[in-house]
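I opened this entry to record what I looked up in the structure.

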Amino acid sequence: MIELPFLPLAAFGLFGDAFDFIFNQQEAATGGVMVGGPEQVIELATKQLEVTLLALGLSLLIALPLGLILGHYGRGEFLAVSVGNAGRAIPELALIALMAAAIGVGLFNLVIALAILGIPPILTNTFVGIRQVNRSSVEAARGMGMSDRQVITRVELPLAIPMIMGGVRTSAINIIATATIAPLAGILTLGDFIISRNVYGDAGVLAGAVLVALMAVALEMVLAGTQWAMTSKGMKLQKS
Amino acid sequence: MPASDLLPLAEVSQDFFRDRSGGGCIQENRLFCPGWVVDNFDRYVDPTVQHLGLVVSAVVGGFLIAFLLAILAHRHRWLSSPFLAATGVLYTIPSISFFFLLLPITGRGALTAIIALTAFTLQIIFRNITNGLRNVPHEVTDAATGIGLTKRQLLWQVELPLALPEIIAGLRIATVSTVALATLAVFANGGGLGTEIVVGSNITFKTGIIVAGSIAVLMAIVFDALLLLAGRLIAPWTKVAR
């Protein structure tokens with residue numbers, strides 16, 4: 001099954017084919033149409049990014065305000081924490097497949113399904129992050145005459161940024177990974193290279209895998225950078 | 001492209017739709033046909049066993065490796081950041097992509113799926129072990145050193161037991177996530193419950209997707225409960241956090 005002695009050569013060969021697939025159009029394994037090449041790669045990558053950002057945006061829109069309010073008033077701890085735990089147990093493949101089979105394929109449904117995966121980590125981390133904010137900081141803010149809204153946006157939110165962004169990053173990774181199986185829901189992302197092996201061949205499959213991995217790592221790095229930029233100077237000093 | 005063209009591995013024989021007690025539920029392809037499930041439950045036994053195999057191998061493998069890394073990082077602090085970065089990359093690379101990055105090396109099959117899933121669990125477990133060890137109060141380690149414990153004794157008799165709740169918490173997160181992720185092993189020909197989900201997806205058969213998905217969720221809940229229980233039994237002096 002595993003032919004280790006031939007490993008290096010074979011591995012290089014297939015990776016070479018994969019890079020060739022990314023940079024040069026070629027005939028499909030099924031014959032006829034041309035596949036691969038920068039044009040299709042960019043098209044599918046753009047779709048994957050679009051789907052990911054839409055779903056992440058929707059998750060943030062729902063989970064962030066909810067987490068902030070629940071955390072601020074200290075309500076619904078059970079809800080916020082168990083949503084996070086339950087979210088991890090959702091099988092991504094079943095969710096996408098069921099959404100496509102029961103409700104229908106298409107971008108809208110896909111984004112909803114992906115947002116279902118994205119909401120739990122953001123909600124839980126936002127809630128926990130706000131609850132962990134030092135109570136004396138909040139009291140001090142109130143003593144200065146800040147309203148609830150000001151306490152949330154000027155004190156609790158900035159102090160909870162590392163925790164919240166941790167949740168956002170977990171969500172983003174999960175969403176971009178699951179966007180890879182979006183072709184099951186009728187939206188062609190980079191995952192099409194991976195799933196439709198009969199069309200793209202092993203070179204296409206490997207090219208898809210490389211591209212998806214690079215995209216996920218790039219997204220994670222951008223979000224890590226965003227977190228760094230959003231963290232207040234005082235907190236950075238405290239850490240070091 | 002219709003979903004049916006995506007994967008050629010659906011094995012649906014004539015008697016797939018045998019539905020003695022459903023009364024037309026299958027013909028109408030309703031959301032959920034309990035009669036069909038009763039008649040076809042044997043279909044899910046093998047995938048469930050395969051799924052268990054994938055999850056247990058990945059989590060046990062992940063734990064052993066992460067434990068080793070965590071002990072090393074605990075002894076040599078400077079190793080902590082590179083380990084965290086390396087496991088972070090492995091965590092970030094989507095499993096489905098990881099399967100096929102391994103394609104030229106291990107080909108298709110359960111082993112490939114297990115390696116990718118193991119790589120995914122490392123960061124979660126590593127981080128929880130190191131955090132657990134770091135959170136042991138200094139007074140405790142000082143006292144232990146004071147009564148003459150060696151470094152090895154300190155680790156095994158004091159630090160690790162006290163870190164146990166966080167270690168168990170990490171294992172629970174890793175296990176539950178892995179149960180869900182292992183459905184994707186089907187793309188690497190790794191078997192598991194994903195095979196039945198893809199069959200259901202290919203023929204737009206909702207009941208099949210729901211059954212396979214539900215078994216996965218149930219499996220995650222059972223693992224979570226078992227680990228919680230195990231944690232209470234091994235470390236009865238403390239209630240496991242979370």
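Predicted model: local features only at pLDDT ≥ 70, side-chain atom pairs only at ≥ 80, totals over all residues.

I called a residue buried if 20 or more other C-beta atoms lie within 10 Å of its own, exposed if 12 or fewer, and partly exposed in between, with C-beta atoms placed from the backbone.

Residues are numbered from 1 along each chain as its sequence is written, and chains are lettered from A and ligands numbered from 1 in the order in which they are written.

I then listed the neighbours of L114(A): leaving out residues up to four places away in sequence, it touches V51(A), A55(A), I175(A), T178(A) and A179(A). Contact here puts the C-beta atoms, placed from the backbone, within 7 Å.

**Chain A**

I counted 10 helices and two strands in chain A, where helices (H or I, at least four residues) and strands (E, at least two) are DSSP runs numbered from the N terminus. The order of elements from the N terminus is α-β-β-α-α-α-α-α-α-α-α-α. The C-alpha trace of chain A spans about 75 × 45 × 35 Å along its principal axes, and 45% of its 240 residues are buried.

Is helix 6 of chain A buried or in the open? None of its nine residues (135-143) is buried, so helix 6 of chain A lies largely in the open. Just after this helix, G145(A) takes a positive phi of about 90°.

I checked how helix 6 of chain A sits against helix 7 of chain A, and their axes come within 10 Å and cross at roughly 160°. That makes the two roughly antiparallel, a term for angles over 145 degrees, with axes fitted to C-alpha atoms over the stretch in contact and angles running from 0 to 180 degrees between N-to-C directions. The crossing is right-handed, meaning that the near helix is turned clockwise from the far one by less than a right angle. S137(A), V138(A), A141(A) and R142(A) in helix 6 of chain A meet V151(A), V155(A), E156(A) and L159(A) in helix 7 of chain A.

**Chain B and the contact**

Helix 10 of chain B passes helix 11 of chain B in a left-handed crossing.

How many residues does each chain give to the contact? Chain B gives 42 residues and chain A gives 41 residues. On the side of chain B that touches chain A, helix 11 of chain B supplies the largest share, nine residues. I sorted that side of chain B into 28 nonpolar residues, 13 polar and one charged, with Ala, Val, Leu, Ile, Met, Phe, Trp, Tyr, Cys and Pro as nonpolar, Asp, Glu, Lys and Arg as charged, and the others, Gly among them, as polar.

Definitions and conventions
Contact = placed C-beta atoms within 7 Å. Parallel < 35°, antiparallel > 145°, perpendicular 65-115°, else oblique.
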